Amino acid sequence: MNKINPAKLSQSKWTAVQPRNKEKHFLVTEVEYDEDGTVLSCTLEAVLSRNEYAINWTELKDDSKWLQGWK
């Protein structure tokens, strides 16, 4: 289980354990918070293709899908 601080989520780097479409490395480009500091939405951008994907940020905690940093 990856430990994630929601306040430090922006611009963090992630590696997909199971790459799709040759996209393995991602950067969190946009995080939207509500007034309480709770994360509402999170956008990942593939480094190679620049495709953007909206995901539930809690999926990043699953270390069977995501690794912190670029590996």
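Modeller: What follows describes the sheet, then the overall dimensions.

This is a predicted model, in which local features need pLDDT of at least 70 and side-chain atom pairs count only at pLDDT 80 or more, while totals for chains, interfaces and linings use all residues. Residues are numbered from 1 along each chain as its sequence is written, and side-chain values use heavy atoms, with hydrogens and water left out.

The protein has zero helices and five strands, where helices (H or I, at least four residues) and strands (E, at least two) are DSSP runs numbered from the N terminus. The strands form an open sheet in the order S4-S3-S2-S1-S5 with antiparallel pairing, two strands being paired if DSSP finds at least two bridges between them. At the edges lie strand S4 (52–55) and strand S5 (66–68), each of which pairs on one side only. From one strand to the next the twist averages 35°, with axes taken as lines fitted to C-alpha atoms and angles running from 0 to 180 degrees between N-to-C directions.

Within this sheet, strand S2 (residues 23–33) and strand S3 (residues 39–46) pair in the antiparallel sense over seven bridges, and Glu 30 stands opposite Thr 43 in S3.

As for the whole protein, its C-alpha trace spans about 35 × 25 × 15 Å along the principal axes. Of its 71 residues, 30% count as buried, that is, under 20% relative accessible area with a 1.4 Å probe, protein chains only. Among contacts with a separation of 6 or more, 44% come from residues 24 or more positions apart, a contact meaning heavy atoms within 4.5 Å.

Notes
Buried means under 20% relative accessible area, exposed over 50%, partly exposed in between (1.4 Å probe, protein chains only).
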